[in-house]
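Here is a short report for a reader meeting this structure for the first time. Look through the sequence and the model, then read on.

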Amino acid sequence: MSYNLVEIPCPVCGTSEKRIVYHDTLAGAPAEFGYDFTVRHKLTFQIVECPHCTHRYASPRPDDIWQEYQDIADNAYLSHEKDYVATFEKVIKVLKRFLPSGRLLDVGCSAGFFLSVAAHTYDAEGLELSHWAVDLAERKGLRVHKKRLEEFHPRTLYDMITLWGVIEHLENPDAQVKYIRDLLNRGGYVALWTGDVSSLPSRLLGRRWWYYLGQHIQMFTEKSINELFSKNGFEPVYRGTYPYIVSLRSVNRSLARYPWLHKITKPIFCHPRLAHKSLTMKIPGEMFLIFKKADRD
Ligand SMILES: [Zn+2]
């Protein structure tokens, strides 16, 4: 397929002024949208920075990128279910401090790993575009709508909406966060996890920072994500570091994108006596944020 690339003004503050940070490395080839990491995932559209709000984003880029998610099917993702579930059990403990019970919507819920944990606490349902992932979630008895956020019109509102590693994929975060506000009850919450492009790992690794992927078209700073939510009627109530729980085998898989390091870690992390051991990693710049819908009147 070939893309129809379009120039995008800043998706957070709307300014069209921009500074080029990294040039396009896809050179017309399709970007990778699957879960399992390959070296092709590192190829990106041109990355630019907004001089006003500090947000970084892909521009020019395809204007209908959401369609790419419909045909994603990736069994490698499923092999990490145990890690995801353990992580989400930690995450839920934080969410419960703000909302002990109520209606929850998980946007971009994939195969429903978060929903299956959330269902013990909340009346939970999800939105997902991948046919494959929706099918898997439904087979587990989870309630998932195969719809884009903007075409989803529920009959009742939610008390919390969650986006785990999703906001960096959104095409129109300003309009989409505004719509999320409309789907929330008074005093409702948004909880999310995404990377901070102004963090130390990002500054040290530059172009090799793990969020620079063809499928990531938004790269927030703490400043730009706060601006996005505050302009759309939210106030920040929690800022933490996302608690990844990972087995050493998964850590090893993630390090495959840094071949020199991978060569050293592979024999250690894949040793039969260590591969299944888990650890909690709190990596600087992995923002875990909760915003509350502010009263406007
Ligand atoms: Zn901006």
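Predicted model: local features only at pLDDT ≥ 70, side-chain atom pairs only at ≥ 80, totals over all residues.

Arg-143 is partly exposed, with a relative accessible area of 41%. Asp-123 is partly exposed as well, at 35% relative accessibility.

The two pairs belong together. Arg-103, Asp-123, Glu-125 and Arg-143 are linked in a network of salt bridges. Side chains of opposite charge can pair when their charged atoms come close.

How many salt bridges does the structure hold? There are 15. Another of them joins Glu-49 and Arg-56, where the closest N and O atoms are 2.8 Å apart. Arg-56 is buried, with a relative accessible area of 14%.

The table sets out the salt bridges named here.

| Pair | N to O distance |
|---|---|
| Glu-49 and Arg-56 | 2.8 Å |

## The sheet

Strands E6 and E7 are part of an open sheet of 7 strands. The order is E8-E7-E6-E9-E10-E13-E12, and the pairing is mixed. Which strands stand at the edges? They are strand E8 (144-145) and strand E12 (234-247). Each has a single partner strand, so one side of each is left without a neighbour in the sheet.

The partner of E8 is strand E7 (residues 123-127), and the two run parallel. They are joined by 2 bridges.

## The zinc site

Which residues hold the zinc ion? The protein donors are the SG atoms of Cys-10, Cys-13, Cys-50 and Cys-53, lying 2.3 Å from the ion. The 4 donor atoms subtend angles of 100 to 118 degrees around the zinc ion, so the arrangement is tetrahedral. Along the chain, the donors follow the spacing C-x2-C-x36-C-x2-C.

Cys-13 lies in the loop between strand E1 (5-6) and strand E2 (19-22). Cys-53 lies in the loop between strand E3 (47-49) and strand E4 (56-58). The pair therefore ties together parts that are 40 residues apart in sequence. Cys-13 is partly exposed, at 27% relative accessibility, whereas Cys-53 is buried, at 0%.

## Backbone details

The loop between E3 and E4 also contains Thr-54. Thr-54 is not a glycine, yet its phi is positive, at about 75 degrees. Thr-54 is partly exposed, with 26% relative accessibility.

Ser-110 also has a positive phi, near 50 degrees, and is likewise a residue other than glycine. Ser-110 lies in the loop between E6 and helix H3 (113-118). Ser-110 counts as buried, because its relative accessibility is 5%.

Where is there a cis peptide bond? One joins Ser-59 and Pro-60, with omega at about -5 degrees. Pro-60 lies in the loop between E4 and strand E5 (61-62).

## A nonpolar patch

The last stop is on the surface. Trp-260, Ile-264, Ile-268 and Leu-274 form a nonpolar patch there. Together they have about 410 Å² of accessible area. Ile-264 is found in helix H9 (residues 259-269). Ile-264 counts as exposed, because its relative accessible area is 53% and the cut-off for exposed is over 50%.

Notes:
Residues numbered from 1 in each chain as written. Heavy atoms only, no water. Patch = residues over 30% accessible without salt bridge, like charges linked within 9 Å, V, L, I, M, F, W, Y side chains within 5 Å. Areas by Shrake-Rupley, 256 points an atom, 1.4 Å probe, with all protein chains shown as cover. Salt bridge = Lys/Arg side-chain N within 4 Å of Asp/Glu carboxyl O. Helix = DSSP H or I, 4+ residues; strand = E, 2+ residues; numbered from the N terminus. Buried < 20%, exposed > 50% of the residue type's maximum accessible area, 1.4 Å probe, protein only. Donors = N, O, S within 2.8 Å, 3.2 Å for Na, K, Ca; no water. Tetrahedral: all angles 85-135°; square planar, octahedral: opposite > 155°, others 65-115°. Pairing = 2+ DSSP bridges.
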